[in-house]
Amino acid sequence: MANFETYQEYQRIEDFEEDSPAGEEDLLVHVPESLKDSWHHIKNLDNFFTRIYHFHQKNGFACMMLSEFFELVQFLFVVTFTTFLVNCVEYDVLFANRAVNHTGPGHGPLDRNKVTLPDAILPSQQCTERIQDNSWIIFLLIMAAIFWIYRLVKVFCNFLSYWEIRQFYIKALKIRMDELCNFTWQEVQGRIISLQKEQQMCIHKKELTELDIYHRILRFKNYMVAMINKSVLPVHLQLPLLGNVVFLTQGLKYNFELILFWGPGSLFQNKWNLHPKYKRSGNRLELAQQLSRVILLMGVANLLLCPFILVWQVLYAFFSYTEVIRREPGSLGARRWSLYGRLYLRHFNELNHELHGRLGRGYKPTSKYMNSFTSPLLTVIAKNVAFFSGSVLAVLIALTVYDEDVLTVQHILTAITVLGVVITITRSFIPDEHLVWCPEQLLQCVLAHIHYMPDHWRGNAHKSETRDEVAQLFQYKAVFILEELLSPIVTPFILIFLLRNKSLEIIDFFRNFTVEVVGVGDICSFAQMDIRRHGNPTWMSEGQTEASMYQQAENGKTELSLMHFTIKNPRWQPPQESSVFISHLKEKVQHDAQGGPSTQLLLSEAPLCTSLQSNESGTGPDNLLASVLAHPILTASGLQGRDHRFIRPSTAASAAASVLASLSTSQFAHGSRGRPHGLLPSSLHPEATMYHSDRTAVDSESHMRSNALHSEFASAEMSLHAIYMHELHQQSSHPQRTSGHWQNPVPMRDLHTNTGFHAHGGHVSNISTSSPAPLGGWAEVEEENQEDQEINLGSTPTHGSGSSC
């Protein structure tokens, strides 16, 4: 009996062998009685962590369930309302094509021919007969009912699973629902990591890291980002007259994921393991043929379902956008980040809220850059069309004001509405003649936020070709709607004729770029941000990488992703190779900062630089970025400093290095000074969470305000690193372009690995390469999903508008 009681303190895990690595089927795990809960050894950690993340980002259980409920109601409304409009409305009466005679005692002589709304609606019995006589309508209603029932079952399952997540937040993480909005994701993640030591949610590792959780949540997303980076997916189409066109819609992306990750015949045997046969190279041709057949079947299925999907897309777009277009016709000229742009610009291991916050900050500078292009020919035409339309509209409005009976004239309201829409559209082609645009500086400001830019954009920001490539990432909302409407038609052909030809390349990609991580499963090797395996020598990885051209990530994505993840997760301890790269980068920053401008000088130039970039309402970090980007122009123009001495020319790299060195110095040198560094708010010194992992107890309001400041300056630090690394990449790839600068960069391999210099403090600080070097120690907070509703002026590219730099 004693032995039986002892055995009860242990739980065998053979019931969950699908999540157990080979050789651990008989492992015994001790579970304290007080912690025997449903969160010990969670079978599907990918799904569990993803739901925890979505629960936090969507503001808790009530908001999530209410949203899902209204999605069901919305689908039911679209189906029933469309059926009613098709079968139950007498349009001849509604459009007065057939006379209506009211002969009842309650109708006067003037009301007998007046059409009312009930006159245009058929009786319910007649409406039912129409529906029953149309077999096509009945078939569509049956299909819609089946889909709605499927969605209802899915909502019920989500209700149960997210109720469990709610209990997990309350009981395990000790976070009440009314306090959820006060916690950032990094704080929630920190509690999960601490809980792992007690609950052993993952039995393969005693401790979880931030990277383990990111890998679980973003397993398939990292594969998609890598395949876009290596041009494996066929999203670039060569079309007659249009040239190179990027086509990636929600429907096409859904089919990619269905084929590769979780659909029938996909490459993964479960949510976390690639099928073993795809890891062997012996039968790659046979596997490619098998994948080609799966893609063909999926393409045929899309072709058969095309009419139904197309009808739904048209109806949904009509009900969603018609009222918005009527109220704000210029909204179609607004821009949004394309789906391709979100994958192209996404770092490895970047969560949705981090990406949305970063692209949200880049929205306005990108809009300003795109609006700096107009066509002089279209401008002339638009001005004259606006004049004629405005003249007619003014007369109609004047007549209406004089006598409101003018509105009863047939089509007069239609004419007023159409003329208003025409004027709104034509004004979008007329640039503001008082604005001065500097395309190169605007594109550099865009780079500071989006972090990625092809090399050939440098020096060509004024060209329409560059503008067209930016438009592939930052498209008109009208183009987005058109692509989604065309998606049911185009998607089958892309699958059948383009993706099938990529079958062998896809098989090779998953075999060559999949690694198994203990406690995580199979992940994309690019997601490890391994400089040695996937670094690029022209992106400061020279001497540290063994990657071939095929293994290198394009556009410095490995290096930039490593920097981004390190800044966003200051407690994360990088592996040895990554620590060496980070330490070398910090030494390079310290070295280049010696010849750069002082931070005080950059801050003093902020108003002028902000004006130069047409940034009317920039925040502190925005003004600092403007100073770093515009300082080389000011110094090259021979402007004098405040001490009436000429400032020697410098590069954006040296200016960024100067600020980064100051940030690094303020992290460890503040204790030796009597006042905080002038770059940062005094409330963040000296023991602020921006520079220290240990949090102190603060009240809720000051905690949230501090988190907002931390997020802004952490984003600014990453922007500075992006500018600095791009400048060094340009110097490494195209040294002839930077030969005129007064300062030549020192290669990283020539720097000592144990010494760094501070540019302004006059002292030398030792930097050890054997220990991890978190950059800046920024504390991560939740970044708001910035849905910028600003209506931007649409334009077509030919030349820069107005005056230009």
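**Close-up views of a predicted model**

**View 1. The cysteine pair Cys88 and Cys127.** Cys127 is buried, with a relative accessible area of 9%, in this predicted model. Its partner Cys88 is buried as well, at a relative accessible area of 4%, and a disulfide joins Cys88 to Cys127 with an S to S distance of 1.5 Å. The pair links distant parts of the chain, since Cys88 lies in the loop between helix 3 (61-87) and helix 4 (91-94) while Cys127 belongs to helix 5 (residues 124-133), 39 residues apart. With sulfur atoms within 2.5 Å as the criterion, the count comes to one disulfide.

**View 2. Two further cysteines, Cys306 and Cys445.** Cys306 counts as buried because its relative accessibility is 12%, which falls under the 20% limit. Cys445, at 14% relative accessibility, therefore also counts as buried.

**View 3. The largest nonpolar core, seen around Phe48.** The largest nonpolar core has 138 residues, of which Phe48, Ile52, Tyr169, Trp185, Met227, Phe510 and Tyr724 touch the most other members. Helix 27 (residues 652-669) supplies the largest share of this core, with nine residues. When neighbours within four places in sequence are left aside, the residues in contact with Phe48 are Trp39, Ile42, Ile165, Phe168 and Met201.

**View 4. Tyr724 and its surroundings.** Tyr724, found in helix 28 (residues 700-733), is one of the residues that touch the most other members of the largest nonpolar core. Tyr724 counts as buried because its relative accessibility is 0%. Leaving aside neighbours within four places in sequence, Tyr724 is in contact with Met540, Leu585, Lys588, Val589, Asp592, Ala653, Ala656, Ala657 and Leu660. For one of these contacts, Ala657, the C-alpha atom is separated from that of Tyr724 by 6.8 Å, although the two residues are 67 residues apart along the chain.

View 5. Helix 15 (residues 376-402) has 27 residues and reaches 39 Å from its first C-alpha to its last, close to the 39 Å expected at 1.5 Å a residue. Its buried residues are Thr379, Ala382, Ala386, Ser389, Leu393, Leu396 and Thr400, and what covers them includes strand 6 (373-374) and helix 16 (412-427). Leu396, one of the buried residues of helix 15, also belongs to a second, separate core of six residues, which includes Ile412, Leu419 and Ile423 as well.

Conventions: Residues numbered from 1 in each chain as written. Predicted model: local features only at pLDDT ≥ 70, side-chain atom pairs only at ≥ 80, totals over all residues. Heavy atoms only, no water. Helix = DSSP H or I, 4+ residues; strand = E, 2+ residues; numbered from the N terminus. Expected span 1.5 Å × (residues − 1). Buried < 20%, exposed > 50% of the residue type's maximum accessible area, 1.4 Å probe, protein only. Contact = heavy atoms within 4.5 Å. Core = buried A, V, L, I, M, F, W, Y, C linked by side-chain atoms within 4.5 Å.
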